[in-house]
Amino acid sequence: MSASPTPDSGHDDGPVIASSQSVPELTVKALVLGFLLAVILAGANAYLGLKVGMTVSASIPAAVISMGLFRVFFRGATILENNIVQTIASAGEALAAGVIFTIPALILLGYWDAFEFWPIVAIGTFGGVLGVLFTIPLRRALIVDAALQFPEGVATAEVLKSGHSGGNDAATLAIAAVAGAVIKLCQTGFHLATDLVSGATQAGRSMFGFASNLAPALLAVGYIVGLNIATLVFVGGLISWLFAIPIFSALADPHTVKSIVGDATGYQAAEAIWSAKIRYLGVGAMATGGLWALIALTRPVRDGIAASIRAIRETRSGGAASVPRTERDIPIHVVGFGILALAVPIFLTLLWVIDRGALGISGGLYAGTIAMAGAFSLIAGFVFSSVAGYMTGLVGSSNNPISGITIATLLTFALILAAVLGTSIDFTTHDGRAIIAAGVAILVGAIVACASAIAGDNLHDLKSGHLIGATPWKQEVALMIGTVGGALIIGPVLQLLFSAYGLGSVLPRPDMDPAGALQAPQATLMKSVAEGVFSGGLPWDMVAIGAVIAVAIIIFDKVLEVKKARFRAPVLAVAVGIYLPIGLSVPIFVGGVVAHLASRKLRQSGAGEAILAQAGRRGLLFSAGLITGEALIGIGLAVPFAAFQRTDIMALPVPESAATVVGVAAFFALSVWLYRVATRSGQNV
């Protein structure tokens, strides 16, 4: 998700460091700092993803932090060292998305009672490294030859190029982080301000519910993705909450509605209908969107692989010395052997995590199931890593269609697995084996999700490197290091957050408040799909309607493409909005509006492209700071919450009405502050 305005990706004055130059790049200080940032930003993004089901790119914040710290502690750090730091850090952030969208589903299923450290490390590491290896053959075709935007990659390169002003940029990020942290502390810690306002009404039998979250991170997400994507997410929310819920509540049998709603009233009643039925529209839309992405990108991916093979042949015929430093990847034979070698630990990991006794099948069928799961992980991982790499070149790494990719993977493999195991297991007996089978599908989906998440991030980082004159193979090694850093921290962070807040409907302690649980929307979606395939109960009618909605959106987007419209309608953005609670969509939309108004004001004032780019970067950094500050406080509060097994341990006696006023006022003030930061011609915030 790139901030508005984004530097023009078509403008390239040549690399900062020429291919004939040799400057420090993959140094010890860059590796250490990059690893530490990978750990911190992976933890922060894990919190954000569990809260809202979306993650954002960490490349630019990491680049700014790197330049600031190097300027203070290590004089003379090169632009290529800073690039290595952001490469490692962004890999940890990207891996967080792959893990948190899938692994928490094992808790929600009841497959695990707690997050297991070493299995998460293994899945994250092996899946992430696969993502790096799968995209190496595509680098030349997609970055050098193809006219793809790679918006975050271009923006990060611009930040690195303007590194002499990095101190001010770092101050912008730090001030915003403090603001986000203070507001989060008042909302979740002291309960001085509410973080959600909601309301509902009813017309006949039609229920209408509306809510808005007041979290700083959501406002920031909306600013970063811009008005186009923010509007589409909001439209998806309106499809569910303004149309689908009222229509369902009006037309469904009253006894069915009563069985879903129970004693709930108002917004809670509408939310119950959304949770039980309407959100599955998003399942159908996401699956269709993932399939469409695969179909639409078959030819470009095929051409990209063919171009890479031609480049490899040219390299071999000319000798290694003929290849400039800035075009040297990890050798293709090393890539091939690496992929084959990873098949072994992936197989062993699946063997370790999947319990044959719980499945109750023969040894031969068990071995065949594990082998099929490993092979499917490799094949689907390559296909969808290619799709993710190409797609993020178009719309940005923060818009990597991980949800659609994982849903398509999960649904496909779950149906295959159900057909294979159905010969020996009667899933209708509800003896627990359906949960185990669903867990197997989740594990495969997790490997593919990690590979796809890293693939999209990998190519953006390589684009940044291409623009400044980095060495590709050194960045590729750095990406693997960042993957390991992220894999090591995500498990403990997930367990800490789970112990403190709970996930979805699963609460570690009976006295916990369900309203305070992290919703983990993507993981809940994966759990529902996998469980529905094996246990039944998946509302296929809603899934089918969601697929039809997605087809309509795809057709609409193609019409916009033909008309060369500036506004586009990528189906997965709408699908995410359909699936998310409306309370998450509203502040994202507000953030998008703020980004649009700020950009329009600057353009109306006659500001040049340099000022527009500077203001856009400042707004982006301020937004990134809000996310970082809220996430770090959220993780920090998890420690006392888990220790005292209460989420109100720090709460102050404030009337609910007063907390609502403070919460709304703080959100409004923060929106105005963000607007002013993004429209000022100077550097002050």
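The questions and answers below concern a predicted model.

Visitor: How many helices and strands does the protein have?
Guide: Since this is a predicted model, everything said here describes computed coordinates. Of the 685 residues in the protein, buried ones make up 57%, and among contacts between residues at least 6 apart in sequence, 85% join residues at least 24 apart. As for secondary structure, the count is 25 helices and two strands.

Visitor: What share of the accessible surface belongs to carbon and sulfur atoms?
Guide: The accessible surface of the protein comes to about 25,300 Å². The part of that surface belonging to carbon and sulfur atoms is 65%.

Visitor: Which helices each supply at least two residues of the nonpolar patch on the surface?
Guide: The patch is formed by Phe117, Trp118, Trp352, Val484 and Leu488, which together have about 490 Å² of accessible area. One of these, Phe117, lies in helix H5, and this residue counts as partly exposed because its relative accessibility is 30%. The helices that each supply at least two members are H5 (117-135) and H19 (472-501).

Visitor: How far apart are the end C-alpha atoms of helix H25, and what span should its length give?
Guide: Helix H25 covers residues 656-679, and its 24 residues, at 1.5 Å a residue, should span 34 Å. Several positions along H25 are buried, among them Gly663, Phe667, Leu670 and Leu674. The expected span agrees with the distance between the end C-alpha atoms, which is 35 Å.

Visitor: Is Asn458 buried or exposed?
Guide: Asn458 lies in helix H18, which takes in residues 433-468. Leaving aside residues up to four places away in sequence, Asn458 touches Gly131, Val132, Thr135 and Leu479. Because its relative accessibility is 0%, and the cut-off is under 20%, Asn458 counts as buried.

Visitor: Which residue in E2 is the bridge partner of Gln202?
Guide: Strand E1 (residues 196-203) and strand E2 (residues 206-213) run antiparallel and are joined by eight bridges. The two strands form a hairpin with two residues between them, and Gly204 in the turn has a positive phi of about 65°. Within this pairing, the partner of Gln202 is Met207.

Visitor: How many residues apart in the chain are Glu81 and Lys29?
Guide: The structure holds seven salt bridges, and in one of them the side chains of Glu81 and Lys29 meet at 3.8 Å, N to O. The pair links distant parts of the chain, with Glu81 in helix H3 (residues 79-100) and Lys29 in helix H1 (residues 28-52). Glu81 counts as buried because its relative accessibility is 2%, whereas Lys29 is partly exposed at 25%.

Visitor: Which residue forms a salt bridge with Glu327?
Guide: In this salt bridge the closest N and O atoms are 2.7 Å apart, and the partner of Glu327 is Arg139. Glu327 lies in the loop between helix H13 (298-318) and helix H14 (332-353) and Arg139 in helix H6 (residues 139-145), so the pair ties together parts that are 188 residues apart in sequence. Glu327 counts as buried at 14% relative accessibility, and also buried, with a relative accessible area of 2%, is Arg139.

Methods: Residues numbered from 1 in each chain as written. Predicted model: local features only at pLDDT ≥ 70, side-chain atom pairs only at ≥ 80, totals over all residues. Heavy atoms only, no water. Helix = DSSP H or I, 4+ residues; strand = E, 2+ residues; numbered from the N terminus. Expected span 1.5 Å × (residues − 1). Buried < 20%, exposed > 50% of the residue type's maximum accessible area, 1.4 Å probe, protein only. Contact = heavy atoms within 4.5 Å. Areas by Shrake-Rupley, 256 points an atom, 1.4 Å probe, with all protein chains shown as cover. Patch = residues over 30% accessible without salt bridge, like charges linked within 9 Å, V, L, I, M, F, W, Y side chains within 5 Å. Salt bridge = Lys/Arg side-chain N within 4 Å of Asp/Glu carboxyl O. Pairing = 2+ DSSP bridges.
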